[in-house]
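Here is a walk through one chain, from the overall fold down to a handful of individual residues. Keep the model open beside the text as you read.

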Amino acid sequence: HRHEVFINKDKTLFINDSKATTFQSTKFALTHNKNIYWIVGGLPKKKDNINITNFKNNIVKAYIIGKDFLFFKRKLYKHVDIKISRTLESAIQDIIKDFEKKLSHRTVLLSPASASYDQFLNFEDRGNKFKSLVRKNEKLFFKK
């Protein structure tokens, strides 16, 4: 669940980084990937400083999930395109709708920068659900 590339197909990476429960732990994924469709949100840690200035050019769009979606909206809306998806299931569907085929490569990234307990048992449960949803909808990501 730490920067786990579980699908690498047609110049598209799907990365489960569900263990990233603080913004500090999400920075690696935002730094080392491009054209990111970023799933973020949950229960933020107190005093977690979310500053995406150095990474905003790597992010196509952020899909905000979880109970504290307003916290993430306030931190991100002036810097990147956002969508309030609220749930992981909705985020996957929103990404499928927004998926840009003409990009040279793409990254679908679950790196939530927050705890999972608002919607999941733990980060493993969240990561496994993400992988299951992606695999269930995999053909929709690659429709021509």
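## The chain as a whole

Of the 144 residues in the chain, 48% count as buried, where buried means under 20% relative accessible area, exposed means over 50%, and partly exposed is in between (1.4 Å probe, protein chains only). Keep in mind that this is a predicted model: local features need pLDDT of at least 70, side-chain atom pairs count only at pLDDT 80 or more, and totals for chains, interfaces and linings use all residues. Residues are numbered from 1 along each chain as its sequence is written, and side-chain values use heavy atoms, with hydrogens and water left out.

The chain has five helices and six strands, which are DSSP runs numbered from the N terminus (helices are H or I, at least four residues; strands are E, at least two). Reading from the N terminus, the order is β-β-α-β-β-α-β-α-β-α-α. The radius of gyration is 14 Å, close to the 15 Å that the globule rule gives for 144 residues, so the chain is as compact as a globular protein of that length. That radius is taken over C-alpha atoms, and the rule is 2.2 Å times the number of residues to the power 0.38. Along its principal axes, the C-alpha trace spans about 45 × 30 × 25 Å. As for contacts (heavy atoms within 4.5 Å), residues 24 or more positions apart account for 67% of those with a separation of 6 or more.

## Helix H1 and its buried face

Which residues of H1 are buried? In this helix, residues 23–31, they are Phe-23, Thr-26, Ala-29 and Leu-30. Looking down the axis of H1, these buried residues fall within an arc of 100°, so they line one face of the helix; the arc is that of the directions from the helix axis to the C-beta atoms. A bit of helix geometry is handy here: an α-helix has 3.6 residues a turn, so residues three or four places apart point the same way.

H3 has its own set of buried residues, namely Leu-88, Ala-91, Ile-92, Asp-94, Ile-95 and Ile-96. Their cover includes E3, E4, strand E5 (82–86) and E6, along with H4 and helix H5 (138–141).

The axes of H3 (residues 88–98) and H4 (residues 123–136) come within 10 Å and cross at roughly 35°. Axes here are lines fitted to C-alpha atoms, for helices over the stretch in contact, with angles running from 0 to 180 degrees between N-to-C directions. On the H3 side, Leu-88, Glu-89 and Ile-92 meet Arg-126, Lys-129, Phe-130, Leu-133 and Val-134 of H4. That contact divides into five nonpolar, no polar and three charged residues, counting Ala, Val, Leu, Ile, Met, Phe, Trp, Tyr, Cys and Pro as nonpolar, Asp, Glu, Lys and Arg as charged, and the others, Gly among them, as polar.

## Two loop residues with positive phi

Asn-35 sits in the loop between H1 and E3. Its phi is near 50°, a positive value in a residue other than glycine. Asn-35 is also buried, with a relative accessible area of 17%.

Lys-47, in the loop between E3 and E4, is another non-glycine residue with positive phi, near 65°. Is Lys-47 buried or exposed? At 85% relative accessibility, Lys-47 counts as exposed.

Phe-141 belongs to H5 and is buried at 0% relative accessibility. Leaving aside neighbours within four places in sequence, Phe-141 is in contact with Phe-14, Ile-92, Ile-95, Ile-96, Phe-99, Lys-101, Val-108 and Val-134. Phe-141 and Ile-95 are 46 residues apart along the chain, with their C-alpha atoms separated by 8.5 Å.

Phe-123, in H4, is partly exposed, with a relative accessible area of 22%. Not counting residues up to four places away in sequence, Phe-123 touches His-1, Ser-18, Lys-19 and Ser-116. Phe-123 and Lys-139 are 16 residues apart in sequence, yet 26 Å apart in space, C-alpha to C-alpha.

Glu-100 lies in the loop between H3 and E6 and is partly exposed at 30% relative accessibility. With residues up to four places away left out, Glu-100 touches Tyr-37 and Arg-106. The C-alpha atoms of Glu-100 and Tyr-37 are separated by 10.0 Å, and the two residues are 63 apart along the chain.
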